[in-house]
Amino acid sequence: MSILIHNALIVDGEREPRRGWLLTDGELIAALGDGDVPADIIDRAGETVDARGAMLMPGTIDCHVHFREPGMTHKADIAGESRAAVAGGVTSYIDMPNTRPATVTIADWQAKMSRAAEVSAANYAFMVGATADNLAELQKLDLTAVPAVKVFMGSSTGNMLLDSERELSAVFADQPARVVVHAEAQDIIDANTAAARPIDDPGDMMWHTRLRDNRACVAATECAMTLAARYGTRLHVAHVTTRDECSLFDPADTPVGKQITAEVSPHHLLNCSDDYARLGSRIKMNPAVKSAADRDALRSALRDGRLDIVATDHAPHLLSEKAGDVFTAVSGAPLVQFSLPVMLDLYDDPTLVVRRMAIGPADLFGIDRRGRLRPGHYADLVIVERLDTPHIITDADVISRCGWTPLIGRPLTHRIVRTIINGDGNARPLSFV
């Protein structure tokens, strides 16, 4: 069925926002234009939606989520987390490999793809993780269906740590896939931890930032960039957290043509270590939130394109798993349901948000015909309105199975009115070109 959306503020990230309309035909965008809808377009519509001045954008693409299936479905699964994503205007996602079992073989990857085909509410893809002994498997990946190889240079959820130069060099050398790194130097984290023991107040979450400090992030990112330069590897640095790292990347308004790219999470744009006093372990994550100066540097770097995309690192855990001290409370927090509204609130520049959350991810990973409002592209759309009265986020708003949010108490002035996936057809696997 065709859908006509009219009386919308078209925000496509390529021109200035303007009043206009868009028509779908099946799963694709058929036409769009400025101003009033021509009569012949009205005649083609099966469903007509009056946006009433709300923004019409391409659906966002979240290239870094942890939906926990298989192996950790007591806290999240593909079905539930993809519904949360759609509620937040996310129409496509790329899931990480640190599940149980870890996604480190083609068979593991195929099992996830099959499960997503059955239950996912949003378009999907899955990275494959690198280990010390799966290099031959990585060479066999179908790069039209697998977006990247994930490397954990610092320990996080799962057991896929690669931190020796020999192991890392083996992955980077002759690697046809893009390599995505979690960049924290494990030796620095371990040394910080040894030097700090015994910690006088392990319940103080500020210790997490001290143990997983700026030096650990900068050292790992510099190491990854050195290896990428040595071997000509396409490198993407996940969830950058420090101002020093920002200075390592080149500014550009598009990731196209860059060998080395970087992302930032809304967690690190919104929060800093000062916020532990209010939010405690709700903002304990890896890499850790850093200082207010680091947070402000990240905000600036996203504007000028040193940071290419926003990705949530959506990592749901039960609140009971977040209880405890700096050593026992698990790291990670959910965010996929609220990422687009909070980014629109933070920047008040919808064009920038579209460029960093839809166009940028599509261009960076080469996602086929998504991330833009163009005829012939998939009709992945989101309608967003600005609220007259802010909505205060509570845990009761959360769709994710974990049932809580680190955004508790934050006012939102944007609301998702409707998300359309493939013209309201079924979710599909992402293709990469």
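Strand β11 and its neighbours

A: Four bridges join strand β10 (residues 149–152) to β11, and these strands run parallel. Strands here are DSSP runs of E, at least two residues long, numbered from the N terminus, and two strands pair if DSSP finds at least two bridges between them. This is a predicted model, in which local features need pLDDT of at least 70, side-chain atom pairs count only at pLDDT 80 or more, and totals for chains, interfaces and linings use all residues. Residues are numbered from 1 along each chain as its sequence is written, and side-chain values use heavy atoms, with hydrogens and water left out.

In β11, V181 is the bridge partner of V151. β11 also pairs in the parallel sense with strand β12 (residues 235–237), over three bridges, and there V181 stands opposite V237.

In a regular strand the side chains alternate between the two faces of the sheet. β11 (residues 179–182) is covered on both faces: V179 and V181 on one side, and V180 and H182 on the other, are all buried, meaning under 20% relative accessible area with a 1.4 Å probe, protein chains only.

V181 has contacts (heavy atoms within 4.5 Å) with residues including F172, A224 and H236, not counting residues up to four places away in sequence.

Beyond β12, the pairing goes on. β12 and β13 pair in the parallel sense over three bridges, with I260 in β13 as the bridge partner of L235. Strand β13 (residues 260–264) is largely enclosed by the rest of the structure, because four of its five residues are buried. β13 and strand β14 (residues 309–310) are parallel and share two bridges; E263 stands opposite I309 in β14.

Methods:
Buried < 20%, exposed > 50% of the residue type's maximum accessible area, 1.4 Å probe, protein only.
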